[in-house]
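Please look over the sequence and the model shown below.

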Amino acid sequence: MNKPTITVIGSLNMDLVTVAARFPNQGETILGERFLTTPGGKGANQAVAAARLGANVRMIGAVGDDAFGQELIRSLQNEGVSVNRVKPVTHEHTGIASITISERDNRIIVVPGANHALTPDDLDSCESVIAESDVCLLQLEIPLPVVERAVSIAYRHGVSVIVNPAPAQPLPPSVLEQASFLTPNEHERGILFDKMDEESFIDQLIVTEGAKGVRIWQDGSERLIPSFRVPVVDTTGAGDTFNGALAVALAEGKPLHEACRFANAAAALSVTKLGAQAGMPRREEVESFLAEQERSQ
C-alpha cells in the first residue's frame, strides 16, 4: 500500500509536565513527584501520531526563534515529519503548555506564543502542499482565520479535511459546511453547536466519548464504536493520537467505522505510557493489538 500523504496545520508547543500525587487546592503549594519537558502542541502531536502509523506527514505551523522552537523542529524531523513549512518567528516565544498530571487525569494551560503568528497568507503560500494531500488535519490552537483559510483551500481542491475543534470554540458556518469531519469530544460538541442546529452536520460528526468510545452517524443512523479497556497511565495526547490515526485510516480508504476502531486502538495504547508524543504507538503495535482483541472475542 502506498503511504498516504497528510498535511497537519496546527500548533507546536513545548509541554512542561509536572506529575503529582494530587492536584493542589486554590492557593495551596504541594510537592510534585516528577517534572519533564516534552514536545507537544495539538498540531505536532497529531503529526507525530500519523507519521508513526505510516503516513507521509507535512507540518504547517510556527515556532519562536528560541531553544524550544529548535528542539521541536528537531523532534519532528526525527519522527520523519516534513518541517519545510514550519516558520520561525523572531518576535515571539515558542508556544508552551503547562500540564499537571494527577489521579489519572490532567489539567493544562496553553500559552500560544508563535502559534498565533501564523497567518492566512502563510496558508496561501502552502496551497500546493494542501492540494497534494490525501487528508488535511486541523485543530484550534492556531488563529481561527488560518483555520478558515486552510479549510477553504482544501475544500476547493477536493481534499478531505478533518477539523478537531479543540480547544473548544464556535466555528464559522463556512468551516462547518466545508469540513469533511468534525471530531469534538462531548464538552466540545456542546460549545460547537451552542447556537446552531447540529442536525445539519450530523453525518460529519465523530464524537469522542473517552472510555465509552466514539459516536458516529451515517445516513442518519447513530452508532457507538466501543473503546478498548487498558491500564491508564496518562491521558495527555489521547485525543491527538485518535485524530492522527483517524486521518491515516481514512486516507487509506478504510470505511468510517473501521477507521474509528483503528483510531480507538491507537488512542488506547497511547494512554498506557507517560507523555503525549512519547506514548503514541507505531503501526505494528496497533495492528498487533487489534489482532489480539479479535482473538480474545
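The side chains of Glu252 and Lys254 come together in a salt bridge, with 3.0 Å from N to O; a salt bridge here is a side-chain nitrogen of Lys or Arg within 4 Å of a carboxyl oxygen of Asp or Glu. Glu252 counts as buried because its relative accessibility is 19%, whereas Lys254, at 24%, counts as partly exposed; buried means under 20% relative accessible area, exposed over 50%, and partly exposed in between, with a 1.4 Å probe and protein chains only. This is a predicted model, in which local features need pLDDT of at least 70 and side-chain atom pairs count only at pLDDT 80 or more, while totals for chains, interfaces and linings use all residues. Residues are numbered from 1 along each chain as its sequence is written, and side-chain values use heavy atoms, with hydrogens and water left out.

**Other salt bridges**

- Over the whole structure, a search finds 17 salt bridges.
- Glu79 forms one of them with Arg52, and the closest N and O atoms of this pair are 2.6 Å apart. Because Glu79 lies in the loop between H2 and E5 and Arg52 in helix H1 (residues 42–52), the pair ties together parts that are 27 residues apart in sequence; helices (H or I, at least four residues) and strands (E, at least two) are DSSP runs, numbered from the N terminus. Both Glu79 and Arg52 are buried.
- Glu287 and Arg283 also meet through their side chains in a salt bridge, at 2.9 Å from N to O. Both lie in helix H10 (residues 283–296), 4 residues apart, which is about one turn of the helix. Glu287 has 43% relative accessibility and so counts as partly exposed, while Arg283, at 16%, counts as buried.
- A network of salt bridges links Glu186, Glu209, Lys212, Arg215 and Glu222.

**The sheet of four strands**

- An open sheet of 4 strands runs in the order E3-E2-E6-E7, with mixed pairing; two strands pair if DSSP finds at least two bridges between them. Strand E3 (34–40) and strand E7 (105–111) stand at its edges with a single partner strand each, so one side of each is left without a neighbour in the sheet.
- Neighbouring strands of this sheet are turned against each other by 20° on average, with direction ignored. Axes are lines fitted to C-alpha atoms, for helices over the stretch in contact, and angles run from 0 to 180 degrees between N-to-C directions.
- Strand E2 (residues 13–19) pairs with E3 in the antiparallel sense over 7 bridges, and Thr18 stands opposite Phe35 in E3.
- Helix H2 (residues 67–78) packs on this sheet, where it touches E2, E3 and strand E6 (95–102), and its direction makes about 95° with that of E2; contact means heavy atoms within 4.5 Å.

**Strand E4 and its partners**

- Strand E4 (residues 56–64) is mostly covered, since 8 of its 9 residues are buried.
- E4 pairs with strand E1 (residues 5–9) in the parallel sense over 5 bridges, and Ile9 stands opposite Ile60 in E4.
- E4 is also joined by 6 bridges to strand E5 (residues 82–89), the two running parallel, and Val63 has Pro88 in E5 as its bridge partner.

**The sheet of three strands**

- Another open sheet has 3 strands in the order E11-E12-E13, with antiparallel pairing. Strand E11 (206–208) and strand E13 (221–226) stand at the edges with a single partner strand each, so one side of each has no neighbour in the sheet.
- Strand E12 (residues 213–218) and E13 run antiparallel and are joined by 6 bridges, with Glu222 in E13 as the bridge partner of Trp217.
- H9 lies across E11, E12 and E13 and runs at about 170° to E12.

**Nonpolar cores**

- The largest nonpolar core has 50 residues, and Ile206, Leu246 and Cys260 are those with the most contacts inside it; such a core is a set of buried Ala, Val, Leu, Ile, Met, Phe, Trp, Tyr and Cys residues joined through side-chain atoms within 4.5 Å. Helix H9 (residues 256–270) gives the most to this core, with 10 residues.
- Apart from this core lies another, of 35 residues, among them Ile9, Ile60, Cys126 and Leu140.
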